[in-house]
Each structure stands twice: as structure tokens, then as C-alpha cells.
Amino acid sequence: MRAVVYHGPGRKAWEEVPDARILASTDAVVRVDTVTICGTDLHILKGDVPAVTDGRILGHEAVGTVQETGSGVTTIRPGDRVLVSCITACGTCRYCRQGQYGQCLGGGGWILGHKIDGTQAEYLRVPFADTSTYKVPDGVADEEILMLADILPTSYEVGVLNGGVRPGDVVAVVGAGPIGLSAITGARLFSPAHIVAIDLADSRLEAAKHFGADVTVNNTLHDPGEAIASLTDGLGADVTIEAVGVPETFELAVRLARPGGHIANIGVHGKPATLHLEEQWIRNITITTGLVDTYSTPTLLRLVASRQVDARPFITHRFALDEFAEAYDVFARAGETGALKVVLSR
Ligand SMILES: NC(=O)c1ccc[n+]([C@@H]2O[C@H](COP(=O)([O-])OP(=O)(O)OC[C@H]3O[C@@H](n4cnc5c(N)ncnc54)[C@H](O)[C@@H]3O)[C@@H](O)[C@H]2O)c1
Ligand SMILES: [Zn+2]
Ligand SMILES: [Zn+2]
């Protein structure tokens, strides 16, 4: 079979590798039908994720067809269409029993395309297949369900639910990439009064309007604090969602929240950010962080199947499975290409 193999910083290739096969009784082998690339894959290619070593197949998002199951797999069968999620769950450890699958102690968590071979391949081995796959509802296209492998549950759980978005809130979303746009999508389910999207790129702010932000601020040109003050009698946002992952945007997200407000950090940070406790101690703020757990995936599957959430606008570019080189190039140059999510299909 063929797969996207990582060969150290800046080097990857679509190349011939040994076929995926069952190694444990709880494994399944899935034929990859539709797959995408995550911003995290670009981080890996820069060498930012040292746990990913030479020879690793990349990718942690896919929809596919079950080919083979180990003797211990009971809920999926060859021929089933399944979502393969970014988080694998052993199902039995302390964290899995609490629905915190991202923190799995039993060999799960974020392992695909990280600690074990991932989804950017013709076939893949899925460990703990009963608790790490989701059957695709009839009548929903693979590429819509694919958005549930990572961006939609991440933004919903770590942004919207951790942030405690409520009806009538003013929600500020810092960063309007796929994650920020998903956070806007999730926040809308709670009928906020206003959603303010903040980004440096006008193309992303245009997308934010399309996804449901009613106010957009290019923070290279304007102070988002002023826009939010005018909507909140000078108080600040009820909830700010950080969806970039650099120190400035975390500090901005904290500054934009009102006293008693919530700051929900989604961004993956590579450098320390300053928490100005000398200003913030008196403001009763709540800051949350998180790796996605995917406990919301069944809910989001119902919302996509019933068209309460439309996952189609995330897909800006489509490729064939063997066009990974082009797909990575278009996705990496999102500023010029306008890419949100690129999808490769068999
Ligand atoms: N916590 C999790 O489980 C989890 C899961 C997936 C992704 N993430 C992280 O979420 C973050 C966002 O992911 P993405 O795929 O949307 O990334 P992206 O790079 O596509 O989007 C980031 C956006 O932030 C904007 N931006 C950059 N600097 C800015 C600044 N100073 N002010 C305002 N806007 C700025 C960019 O223009 C871009 O539109 C990343 O850090 C990613 O690693 C976290
Ligand atoms: Zn991802
Ligand atoms: Zn577990």
C-alpha cells in the first residue's frame, strides 16, 4: 500500500509501505476513503513534535470502510463505514471511564500519526476499534463526517463547552482558521448575542462572516477591545476563545474577557505566554485549556446528520488520494490559496 511517510523535518513522501494489518485482537484494518490534513501535521513537518520520528505515517483524521476486524472487536464489521477520530480510546482506563479519552492511560489518546502510523494512507490499523470509531449515519457524505475527526469536536469541547457559552453572550474568537471557524459554528448553537471574529487575514475574516460571526476585526488595523467594549457597555466579552496558539493571542484573549468571564484556550502553544496576574487576580476570570477528548462526537454526528451543523463549507479543495504533495502544498499556503480544509478521496 501507499502512505504519506515522515522522514524528518521538511521531508515527507507518498511511498510504498508494508500493508496495515491486525496486531491485537481489538484492532481493525480500515480502508481509507476520505482523509484530510491538519495544521498539526504542518507543525510535525516543521519538526515541532519530536515524538514523531522518521518512518511514521502521518494523519489523524479519516473516514473509511472496515476491511478486517480482530477477534475481540464486536460492534463494527467488514463493510461498515466508519469515522476514524483523532483520539483513540482504550475504553477501560480511569480517564476513558470519565469520558476524557484524550488523556487515555491504556495506550490511546492522540496516537494516530503521532506515536503509531496514521490515516494518510490507503489502509490503516485502528487500535481499540470498538471505542475509537463511529459508524457513519446513512445519507451523510464522507467528507462532512470527516470534519468530526478533529476540528468540530475540538472547537466544541475545548472552546464552546469549556468556555461555557450561553444564550445572549458576546463571544470573541481570536483566530479564524479551521479551528476558530468551527468554534463559531459551535457557539451559534447556543444563540449568542454577538460573535466577534479577530484575525490578521481579511480572507479568514470573510470566511468568519460566512460561518456566522456578525462582527469581524482585523487586529493589525483596529483594536478588537474597542469593538467588544461597544457591544458590552465597556465590560468585555463573556467568553473569549483562543484559536491561534501564540503568546500575543492568549494575552489578547485574556484582555478581551469581562470580569467574571471565561477564556477558553484551544491553541497549541510552543512558547510560554504571560498571564498578567497582577491585573487579572481581581477580575474573577476562568481560564480553561484542553486536548480534545471527542466525548461530543456522537452529539455532533446527530447535528451534522440532521443539518443543524453544516460541515460542507470547511472543504475548500479536493484531491485524489495520491495527490498528497499538491494537497499539502495548497494547505500550507492557506494565506494565498484560501484553503480551510483540503480533502483527499479514493
Ligand atoms: N487543543 C486541541 O486539542 C487542538 C486540536 C487541533 C488544533 N489545535 C490548535 O488550534 C490552533 C488553531 O488551529 P487552525 O488549524 O485553525 O490554525 P490556522 O493556522 O489555520 O489558523 C490560525 C489563524 O490565526 C490567525 N492568526 C495568527 N496570528 C494571529 C494574531 N496575532 N492575531 C489574530 N489572528 C492571528 C491566522 O491568520 C489564522 O487565520 C492551532 O494552534 C492548532 O494547533 C488544538
Ligand atoms: Zn488535528
Ligand atoms: Zn483509556
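Is C93 buried or exposed? C93 counts as buried, because its relative accessibility is 10%, where buried means under 20% relative accessible area, exposed over 50% and partly exposed in between (1.4 Å probe, protein chains only). This is a predicted model, in which local features need pLDDT of at least 70, side-chain atom pairs count only at pLDDT 80 or more, and totals for chains, interfaces and linings use all residues. Residues are numbered from 1 along each chain as its sequence is written, chains are lettered from A and ligands numbered from 1 in the order in which they are written, and side-chain values use heavy atoms, with hydrogens and water left out.

Ideal angles at a metal are 109.5 degrees for four tetrahedral donors. C96 is buried too, at 4% relative accessibility.

H60 sits in the loop between α1 (39–45) and β4 (62–69), and D150 in the loop between α4 (142–146) and α5 (151–163), so the pair ties together parts that are 90 residues apart in sequence. Helices (H or I, at least four residues) and strands (E, at least two) are DSSP runs, numbered from the N terminus. H60 is buried, with 3% relative accessibility, and D150 is buried at 8%. G59 is also found in the loop between α1 and β4, and at 0% relative accessibility G59 counts as buried. The C-alpha atoms of G59 and A3 are 9.8 Å apart in space, although the two residues are 56 apart in sequence. A3 also has a C-alpha distance of 9.5 Å to P18, 15 residues away along the chain. P18 lies in the loop between β2 (12–16) and β3 (28–36) and is exposed, at 71% relative accessibility.

What surrounds ligand 1? Its shell holds 20 residues, of which I179, D199, R204, V244 and G290 are the closest; a residue is near a molecule if one of its heavy atoms lies within 4 Å of it. The shell divides into 10 nonpolar, seven polar and three charged residues. In this division Ala, Val, Leu, Ile, Met, Phe, Trp, Tyr, Cys and Pro count as nonpolar, Asp, Glu, Lys and Arg as charged, and the others, Gly among them, as polar. Oxygen atoms of ligand 1 lie 2.9 Å from a polar backbone atom of I179, 2.9 Å from a polar side-chain atom of R204 and 3.0 Å from a backbone N or O atom of V268. Taken alone, ligand 1 exposes 870 Å², and the protein buries 82% of that; accessible areas come from the Shrake-Rupley method with a 1.4 Å probe, and for residues only the protein chains shown count as cover.

Some further residues remain. S182 belongs to helix α6 (residues 178–188) and is buried, with a relative accessible area of 1%. Its C-alpha atom is 9.8 Å from that of A243, 61 residues apart along the chain. N218 lies in strand β10 (residues 215–218) and is buried at 8% relative accessibility. The side chain of N218 makes a polar contact with the side chain of D202, at 3.1 Å. A polar contact is a pair of N or O atoms within 3.5 Å; within protein, one must be able to donate a hydrogen and the other to accept it, and residues adjacent in sequence count only if both atoms are side-chain atoms.
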